[in-house]
Structure formats: C-alpha cells, structure tokens
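This report covers the cores, the sheet, the domains and the chain contact of one model. The sequence and structure come first.

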Amino acid sequence: MAPRVIFLLLAASALQAEDAESLFVRRVWPLFQEKCLACHGNDEKKIKADYDMRTLESAIKGGESGVKALVPGKPDESPLYLASTRKHDDWEPMPPKEADQLKSEQLAWIKEWIAGGAPWPDEAKRNAIAKASADKWSAEDGITVKVKGALTPEWANRRYKPESLWGYQPVKKPVLSAQSSVHPVDALLAVKEPAPEADARTLIRRATFDLTGLPPTPEEVAAFESDWSDVSDRSDAWLRLINRLLESPHYGERMARHWLDVVRYADSSGFANDYERGNAWRYRDYVVRSFNADKPFDQFIVAQIAGDEMQESDAGTPARKDAASAGKSARITPDSELLIATGFLRMGPWELTGMEVAKVARQRFLDDVTNSVGETFLAHSLQCARCHDHKFDPVPTHDYYSMQACFATTQLTEREAPFLKSENTSGFEEKKYLEARRAEHLAVLKALDEKLLRNASKWLAEKKIDPAKWNAAVAQAKQGGGKNAKKGFSDVFGAARQILTKQGLPEDQYPPKLVGFEPQDFGNERVARKGLERLKWEMERYEPYAFSVYNGVTIPMVNVYQPLRMPGDRMKNGELEQTAILGGGDPFSPTTKVKPGVLSATSQISNLEFQIAEGVEGRRTALAKWIASKNNPLTTRTIVNRLWLWHFGQAIAGNPNNFGSTGKKPTHPELLDFLAATLVEKGWSVKEMHRLIMTSAAYRRTSFPTRSKPDELENSSYVTFTPRRLMAEELRDAMLSITGELNPTLGCIPNRPEINIEVAMQPRMVMGTFAAAWVPNPLPQQRHRRSLYALKIRGLRDPFMEVFNEPAPDFSCEAREVSTVTPQVFSLFNGQASYDRALALANRVLKEKAADPISRVFELTFGRKPAADEKAACTTHWQQMEVKQAQTSFSKPKQPLEVRREAVEENTGEKFSFQEKLPGYADFVPDLQPADCDAKTRALADVCLVLLNSNEFAYLY
Amino acid sequence: MKTSFFPCSGGRALHAPTRREFVYGLGTSLGSVALTSLLAAEQKGPLAPKQPMVPAKAKNCIFLMMEGGPSHIDCFDPKPMLEKFHLKEFTREGKMKSAMESGKRYYVKSPFTFAQHGQSGAWMSEPWQHLAKVADELCFYRGCQVDSVNHPTAMYQMNCGNRFGGDPAIGSWVTYGLGSVNQDLPGFIVLPEISYPQGGSANWGNGYLPAHFQGTALRSKGSPILDLQPPPGITPEHQRANLDLLGKLNAKHADEHPWHDELKARMNNYELAFRMQMQVPEVIDLEKEDAKTKELYGIGKDATDAFGRKCLLARKLVEKGVRFVQLYNGTWDSHDYIERAHGNLIRGVDQPIAALITDLKQRGLLDDTLIVWCGEFGRTPDNGVRGGTAYGRDHNPKAMTIWMAGGGCKAGHSIGATDDRGMEAIEEVHHVRDLHVTLLRLLGLDDNKLTFYHGGRFKQLSQIGGQVIEKLIA
C-alpha cells in the first residue's frame, strides 16, 4: 500500500501547484489588493514597516523585522500568514483594524496558496488565467461590474456578491394577487400572528404627530372616536383623517423637519466665523411649501440641484422676465422659487477666512456637495471614493470626480430673488434692533477715533514735534467726512495718517497706528469692527436675496467676509475649472482629467443611460435629471425608504444614507421595491405614499404586545407598532400647542424663542470677537412659533433641543438617535421653558372655567380623561401644593438690557471687558410668570409640570 | 445604590431593547437590593467600567487644551537662529499661500530667554517658573502635525480626529472604551473657559457615539450644569412631592406597558437627577480644601486663580473616579504682542499646572493619570508685524510642541524636532492621528478595535487608522 500512498500525495501536490496559481489570481492577489497593499506597496513613499508586497521577491524578503515573511510551501512558518491569523504571539495582527480581519475562508486561501508553493504569475499571465476562467468564476463568485476609469485593473475586475448590489438592481414591482383584499403592504410584510388594531385615540394621536408633529386637540380626538365607533365605516373614517392631516399646512412643516435633518439645514455657516446665513430661511420655507403642495418628488430633486439653470417653475410668481427684453442679457432669470431651491447645494458648513487657502476651501465645497447629493438622493456616501476607488462598492474615484465635475462651474452667491407672494415676509420690523446694534458699534468706533486723535496730540507733544502738519491732515480728513468709505465707519485718525504717508512724511514724524491704545481699546475696537461685519450677514434676513448658486468661472478670492453678490460677468476674471482626479484628494495634485458624469455602475446594472454636457451651463440639470429618472432605482428606493422610516421609526434598509454593501440590507426588499415602483406610478406624489403606508394594517397596529416575550419583539417584525419618544421639536411644539400658546403661522425669518438664559448670555468666541448674545423676540407670539422656525446657529444650540437628540447640522442625519440621559431631566423638569408651559396650561384650564380642571388637563395633555386613582392623586397634590404655594412669593424677573463680557484680549493677552447692549430686550413681554398667578394656579401648574414630564406624554404609541 | 450618571441605553432609534437593557430597566420595581444583585450579575449601565483592551499605562486622563495655538517657539522649542534673522524679510512660496500672508512678513525672535531645567535639561522659556521645577516629569513631543490652519477645524481635529467636526471627542472615545469608575458623575467632564472655544461644545461632543459619552461641561460661572436646580421658589421638598406624583403616574403607565423598558429607564433617570442635584454642588466645592493646597495651585492670586481652580477641581474629579477631564485655557492666539500676550498666558497656567503635577504625585495618582498639554497647532516663526515692534506669530499646523506627564509617558525626554526656525517638524514627524492612537494606547485602548458602526461603516478616532508613536511611551 505504501507506494500507492506516495503516488497519491505526489499527484495531489502537482495538482495543488496548478491550482495554487489560479488560486492566487482568483483569490489571493485580489485579497492582497483589498487588505494589504494600501500600506504595503501601493504608495511607495509610505510603505509601512518596510514590507513591500508587490512582488514575490519582496513578499518573501519581509520587512524591518529582518525575518522572511513568506516561506513557500510552509504557511505555518510564514509570518505573512501567521500575522493574518491574528493569533500568533510574535506577529502583530494584520490587517491592523479589527473590522478588516480576514474571514476563515480567506485565511484558508492564503494558507493553501503558500502550501502550494506560493506561485506568483506576472500581470500578463494573471490576465490570461483570469480570462480563461472568467465564465467558471463568475458563476461561482458573483459578478464583475463595468465602471469607468478604475485606478487598477484588479479593482475593475473585482467581483461583487449580487446581494451587495441590491440598491443598483432595477426596481422590480412584486406581483400581488389582484383578488386579494389584503393591503399590499401587509401582504409583503407577511406578519404572522400580528397584534390587533390600536384604539381610536391612539390612532389619531399617532397619525397626527406623524403627519403634523403636533398632538390632536381633545375635540379632534372626540370627533374621530365618534367616527370610528361606526364599525362599518372605519376605513373611510381613517382615510378621511389621513386626508385632513395631509391637507393641514402643518404637514409640510413636519416633512420639512425630516428633510432638513437629512440636508443639514442651519442658519449659520459654522466654523471660525459662524456667520449668519441670513437668507437660508427661504430655503427652509421652500421645503415646507413643496411638501404642502405635494410637489412631485422628481421635480423637487431637480429644483434643488439645478433650479437656477431652469427658467421658470410652476410654483410661485415668475420674476424679472424683462431682463431679456431690456437687452441686458439673453438669459431669462429663473424665478425666485427655483433660485431658493438651490440653497440645498450650500447646506453644508462652509467659509473662507483669510487664514485659509482659497483653493482648499473651494475643494471643501466641491467635496461637500458631491457627497451630499450622493447621500441625500442616492443613499451613497461618496466621500469614500475621494482618495481611492471605493473599498466596498462599485464606485471608482473616477465616478466621484465625474460627479464632482457637474459642480465645477457652480459658484456660490447670495443672489437677487424678489420675495414671492407665497413667502411670509412679516416681522421685518425687528430690523430696528439690528440697526440699534449697528449704531452702537459705530458710536464705539467714533469714540475710539476721537481717543486716537487725543492720543496723537499727546504723542506729538511728548515727542516735541510741531503738530501743524498733523492738524492740517486731520482737518483735511474731517472735510472728507472722516468716514472710511470701505469700512463704513469713522476713521479720521487713519485718514489723516494716510494723507501724511502719501505726502511722504517720514514715519517718525507722525503718530503710529493705534497710538496709545490700551488693552480695553484693542478689545472694544475689535468687537465693534467685527460686530459691523457680522451684522451685514444678519441684515440679509430682510433682503430679497436667495442663498443660491450660479454657473461661471471660479473667481479668485482671499476671504469671504460679506455676502457674495453675483459678478457682473460670470465668465470673466477667473478660471474655468477643469475637474481632474485628485491624488489623495489634494486639490494641488490633479491627475487624470475627467468629464462630468454619474455613477457609472448604474449603466450596466440599472440599465440607466446618461449624457451630461460639458458646457458651463446645464451640467447640474443633466445630473439632476439622471437622479430623478423614474428608472433610477437608487433614487426611488432612497426616498420611499425614508418615508417608511418617518412612519415606523425604522427604515426598511437600515442605513437610509448608505445602500452600499456595508450598509444594512433591506429587511423587506420586495416591499421596498413595491413602494419605489408605486411612487413613480403615482406621479412621484409623496402624499400618495403616506396614504398607502398609513392605510396598512401594520401602521394601525397596537403597540401592546399580545405575547409577553420581549426577546421576540424584534422591531422589524412589525408584529406590533413600535412606540417612539417624541422628537425634541415635537416635545416643545406639543407643549405650546396644549397650552394654547402656539402661534401656528407658517414660514418666516427665523425666530428666537427663549433658551436657557445662561446659554443665551454665554460669551461665544468667533473669529476675532464674540458673537452677539441670543436675545429672544420681544413678544410671546413671536417666540412661540414652531421649533422648525427657531434660528439655528451651528455654534450655539438650544440646550433643550440638544439634550433631546436634535442632530447637529454638521453631518446628514439619516435617523435620529433616542437616548435617555440625565440632562433631559434637568431641562424638562427644572428648566424655565417647561415651567412656563406648565403655568400657561394651568392658567388656560382655570381661565376656561373647566368644570373639572384635572380632567381637562389630562385631555389636553394625553388626549384622554384621568382614571379615578389618577384624578384622586392629582387632586390631592393640587391641594397640597396650593398650601405650599400660598407660602411662597415670587418677584417678576428683570430682563437684562446689557451683559458684561469678560475675555482675554488676543492682542495683549490681558483681560478686558465690555458691555454688550441688548436693545432687543427693551420691548420684551415675558410669558406668564408665577408672580402673575395665584397660589391655586401655581399649584395646578405643579400638576401640569408633572404631566408634561410623564412617560405618557413623552412617548407616542 | 450605584447607578450610572446616565443610566440608560442609547442609540435606540433603530434597534429593539436588548436583554440587558430589559433587565436593567426592571430595577426600580424590584427595589435597590434586587437591582444591585441584578447589576452584579449582568453588565451594568453604559458607563460601567470595562477592562482595557491592551495593558494600560494610565487609568485617567487630564487634558490641558491651550486653545488658540500656543507658540512652541516661545515656550519649549528655542530657536536661536531667529535672533540672527530677526526682522529680516520672510517669504513663503508656493500653493499654500493664504491671505494671512498678505503684505510683507518678517522673521521674529522670541522675546523670552530660554534655559534648561532638571536632570533632563528640558528647554523652557523664562515665564515657565514653576513648571521648570517639575521638568523631569514631562515628555515633550515636537513632531506632531495637523491639517488645518483655522482654529475651529484644527480644534475639531485635535479633539475629535475629524477636522470638520461632528465626530466623537477623544474623551468620549475613552469613556466609551473604558467606562468610568464613578457611576454618579459623568465619565467625561470638561472645564471650559467662560467663553466657549471656537467650534463650541462640539469640541467635546459625543458625535455618533451614544449620548452617555458626551463631555459634560462644568461651567465656571452660574449653574455648573444647566438647569441643575429647579426654578426659584421650588424647594427640594416641593420638588420631592412633584417627583412622587410623577412616580405614581409613571408607575401606573409602566404597568400597562410592562415590556417597554425605556419607560423604567426614564423613571430611574428622574431619581438619579434628584440625587445629583444634591451632590454636584458638593463635589465642585473647593472651599473645603486646605489653605496650603489652595496656595499651591495659586488660588486667590489674580493671575492664577481661574486656572488654579480648574486644576484643583480636575484633581478632585480624577480622585472621584472620573475617567477623562479636559481643561480649557485661552485664547493663546497671539497674532500681535506676543511678549505681553504669551507672557500673561503662561503666567496664568504655569503655577497651577506645576501644582497639579506635584499634587497628583504626592497623592500617588500621577502614575495612573496621563496629563496632556497641547493646543490645536503651533505658531509661525514669522509675522506681518502689524503692531509695529510689538510682533506676534500666526497659525502653524506644521510645527508645535505637545507635552505629556504621568501615565506611562517617557518622562524626562524630548522627542522629535522642528527645523532651525521652528517652521516645520522634521524629526519623528507624525500626523495628529498617530498621537491619538498613542494616547489611546497609553490608556489601554487599541484605536483599531475601538470602533463604532455608524452610517454603514465602522468608525474610529484616528479616522483611517494610525500607528503608535513608540518613542513617547516609557
């Protein structure tokens, strides 16, 4: 027997040698590409630990340890393999990242290949082997994807498991039995043993919060309960409710809140200056209008990406069509609505300070907008492909820059856009407070100018220099008005110096810059000067300009300290950008030039064609039309997935911004496709999708499980409806709504509710100065707008919103987090705002002379009457608290008319302080205060505060 | 009963309650004895202490953030060459020219004299009088570079790894990885200046990590934690009565939703908040410290009082088992008048920092506590000299000095070097991500394992992975 065994072994190893070669081509080499070569060869300058894996020789030789890394035939003596196992004592686990570790199958490949002698065919042979085996391999390993311009052939030939490409596959609408009376959503969810339907009160509360972000009134609850009691008419009653809510103007506000989370809306630029984006609110209101009008979603997409390239929209008032006839330009100015819509492109934080390199800042915009378009509409995080072909998805760097090329002629501007009739332009009279601040700053600068002139005289006297020349220059400067035309404030001193400089007087013969300035003066001068600069941005709120873009050449800039107006000639004085692949994402390392394009994988997998012109105009229109094509499976799936999330608190595909292979796969892919196909069939009507989703049994299910096994209650099972905590904005808006204080007016310049006073007055460093304090609007009805309208400053967040998980507007928020943390208790139980609401609620109920105040409070807060024990407990508490409250007296709080700022002056490193005037507080009318109320009201407010803090109020079932 | 400061689970939007959370949530209805035993059996709340991933050199970290960009050239990295070039014209060529460089620029020498201190011969400028006495405790690192030339982006990068902000701060990562010893206080506490730094509270934000790991700012003025106390007129007994009614209503509601554990978590939270309300003022009260200690930290002296209080509080917090304390000081952004500006700034922190090191050491805490001193970048050897003779320095992301003390760093050494003008790091040069990886390593964490799945990808402090700077480790 022995000889035969030997023969078999020999045969096996001969076989192995042949297999090992194709194993290398098919498995090992691609694995090296994916996991190793980034640090061990691709970048010659940055080879880690001196170990180069590009050739067999260097792979054998090893790195700085001096030990041979690869011993052909002996995997267990090859550190290359041992390190990959992550279990060997002598070798650091490779690849270093836990998340990158090799699967056992992959380890086995390496082991087998080394055992087989570690053959390493050259590139030509590799290609030949790959070609010869192509059919066999793709049948076994998945498919290759045809993309444009991959950086390496290995990446281009990478294979994908079909399931990881699910997002690209054409939408396939599942065929449902036509006869079935089962709702298609329920048919596709196929829930076994579902929980029963929720009761009427729960349903109207759920639907009203979901579609408007507000609670139903007790009267609405009663009406619906009565409707619902007619069992034969329930479907109609439910549909009537949905339709009523969809017609509510608050529907648009609710959808806008969701949408603005995704696009990162804020009213300021972020970063060092955090300048106000005075006209961003017009974009926010545009989103509200669009949802309310049920603007077809494809049009919504196109307007946001390319509105300025279009000529007129069907909404709003067309403006300034006379430009062409006036002969100014052959261009027809698009109407304001379309210009405003493109604010989307600029939602990311952005600025250009004098410290920064302009080209770098420009590239930041381009990277931001490319990624944002990808995440928002295509559920693709594209930034991964900025420096290298995408690690997991078929997105080559070439695609990234092709998409970026669509924006190469896009320029930022605050451009003229007359106000539309549909915009709310009330409240502009608040401008007077900004004017007051402006006057204050000008006065400070004037006083400092006068001080400098006095210091100058002293200086001349000390130096014993004849003041005649200086005095003459001052007189001359004063004649010219003494205003620095460029800066817009009084600067006689500077003007006089300039005159003498021009006369060629030696520098030691007239006073130096900022002569005799003390630390306090440095500080005050800077605060006033920068304050004027910041006001320019705030004043934009009231001006008919849109936060928008235009097409043209890139004009060189050194900094952006004021709103950017359109240039006279878009094609002059700048560079027509030619997009190229940037080595390492560095704008100073352009490599291959690219043309405008889209995700190239979609042409093969999704059968989606595109054509993008290379002209200055029209690139974005073409891109937008490709995105908004009814055949673009990424787009339609992305939006219906979000809509589902907004109703169920969980998406079908669990990462709504990432359909790539690392994102969570859809739990119900057929349902997702059904929704995507239906959206297109229904003319991209979002409202139709709400009707579809909400009429399902799944949406109407109770959140009470019939079985009591929590482990089995996976949310994605849809056995019950998953309850959710109210969002930060819902909490605040609901409180205002039930106290009757909510001002339901739609749209407006941002308002400023009262926020925690310590945060409001907190000094906040911005470039070179302090930002102005947060001063609330003077009147309660101005402050009590919906939270959507509150001024959103990136560097100053309302702590109430923040602790209740309002996302920071730096990154797109695909789904809100819900956490339960102690600061929430401090905000909601101790905070002034919720106490004010409790008092207002108590006051409302007592003013209404409700027969049973406790019941009324319950109805308003929970939409139900109290149970007997609840009523008893609350009544007792009310009485006891009245006794306590009767012993307490309250004084009326005083509003601060100024605040003292203390800081370290950056020029001198010395402490300095100044008074910041708060003119906005002069006319302040406070909310109802304890001092205004009797003990009975205040005691009822204690009960109200408890109810507003209760779990029943905070959770939606 | 030990419970966490933030006792409940985070990130709940997209997943179902876990078994652990469910059991944890049952706590209140079973009473504290049952809760304690349950917690002993199960893993505790999100801040429960965890074992380090790799052998740790330090358990806690005190991070001294000198916001604005302290000048290495005027603090710890003397450049005699600048004496020679003083007020000679400086030109920088190339693409990275920014508007900061408009106008003529000149080399400027340091206004301070330098001397070597300690056995190690560490270089320090003249205003560092007290730190000089503990020179041998320090490990200087001169090789670090960052990407951004603007304050907030550089601050974000130094604190959070990502210069565009919105990512978790290093203190959040550390508490996420290690939990915290004291469950009644936050694991990551920040002591900001009265005015917040550029970029605001995002500098200590939890980013995509659950909110329990957010830095909690103890404000130096007003209420230390926002709304820690109820509005005026509401006494503790009054509030207790309100809480009892809330407890009653919530208990009834929870009975109707027995499986919904978030409800219990939220109920616990109210009780914990009530206790905190009583305890926090005591924790931060420095008045009970003895006069000698206060004097050591420079408390009561105009220049050093503010930062002295922060340093003393930091020591107390670390003693109480807080994992990560970050102190802010600034602004060190001295574009002009560097002699006056940096002189004052150094004198404001010098004694308090030296006291902190001395105090920790005498209490046997220095070995377990890693102290880090840095800004978001260094400063340039050149300046526009717009203040006449009163020159300053501008932002320099390519060179800076960072130092560490305690916690397993290579005390008594200076690692890395900048060129002869202090313009760029040239020896042992590392991107800030490597510094982050090193700090995590000292605290027993492996950056490559300390990841969080978010937005469809595993994310980490270093963004893309980095390497440990071995030379900084003892």
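The model is predicted. In its largest nonpolar core, which has 204 residues, the members that touch the most others are A:Cys944 and B:Val372. The element that gives the most to this core is H10(B), with 11 residues. Beyond its neighbours within four places in sequence, A:Cys944 is in contact with A:Ala838, A:Leu841, A:Ala842 and A:Val857.

**Strand E11 of chain B and its sheet**

How many of the six residues of E11(B) are buried? Six of the six are, so the strand is largely enclosed by the rest of the structure.

E11(B) belongs to an open sheet of eight strands with mixed pairing, in the order E9-E8-E10-E1-E11-E15-E6-E16 (chain B). The edges are strand E9 (216-217) and strand E16 (413-415) of chain B; each has a single partner strand, so one side of each is left without a neighbour in the sheet. The two pairings of E11(B) are set out below.

| Pair | Sense | Bridges | Residues opposite each other |
|---|---|---|---|
| E1(B) and E11(B) | parallel | six | B:Cys61 and B:Leu370 |
| E11(B) and E15(B) | antiparallel | four | B:Trp373 and B:Trp403; B:Ile371 and B:Ala405 |

In the antiparallel pair, E11(B) spans residues 369-374 and E15(B) residues 402-406.

Two helices of chain B are placed against this sheet. Helix H5 (residues 170-178) of chain B packs on the sheet and touches strand E1 (60-67), strand E8 (188-191) and strand E10 (324-330) of chain B. The direction of H5(B) makes about 170° with that of E10(B). Helix H9 (residues 305-319) of chain B lies across E1, E8, E10 and E11 of chain B, and runs at about 175° to E10(B).

**Domains of chain B**

Chain B is divided into domain 1 (19-48 + 225-279) and domain 2 (60-224 + 290-472). The centres of these two domains of chain B, taken over C-alpha atoms, are separated by 39 Å. The contact between them involves 10 residues of domain 1 of chain B and 12 residues of domain 2 of chain B. On the side of domain 1 of chain B that touches domain 2 of chain B there are six nonpolar, three polar and one charged residues.

**Chain A as a whole**

Chain A contains 37 helices and 14 strands. Its C-alpha trace spans about 110 × 90 × 70 Å along the principal axes. Of the 957 residues in chain A, 50% are buried. Among contacts in chain A with a separation of 6 or more, 71% are between residues 24 or more positions apart.

The division of chain A is into domain 1 (2-141), domain 2 (184-247 + 631-717), domain 3 (295-419 + 544-627) and domain 4 (725-956). Domain 3 and domain 4 of chain A have centres separated by 40 Å, taken over C-alpha atoms. Five residues from domain 3 of chain A and four residues from domain 4 of chain A take part in their contact. The domain 3 side of that contact divides into one nonpolar, three polar and one charged residues.

**Contact between the chains**

Which numbers of residues do chain A and chain B bring into contact with each other? Chain A brings 92 residues and chain B brings 93. On the chain B side, the elements that give two or more residues are helix H1 (19-25), helix H4 (151-160), helix H6 (236-256), helix H7 (261-283), helix H10 (338-362) and strand E21 (457-459) of chain B. H6(B) supplies the largest share, 10 residues. By class, this side of chain B has 41 nonpolar, 39 polar and 13 charged residues.

Terms used: Residues numbered from 1 in each chain as written. Chains lettered and ligands numbered in written order. Predicted model: local features only at pLDDT ≥ 70, side-chain atom pairs only at ≥ 80, totals over all residues. Buried ≥ 20, exposed ≤ 12 C-beta atoms within 10 Å, placed from the backbone. Contact = placed C-beta atoms within 7 Å. Nonpolar A, V, L, I, M, F, W, Y, C, P; charged D, E, K, R; others polar. Domains from an automatic or database assignment. Pairing = 2+ DSSP bridges. Axes fitted to C-alpha atoms, helices over the stretch in contact; angles between N-to-C directions. Core = buried A, V, L, I, M, F, W, Y, C linked by C-beta atoms within 7 Å.
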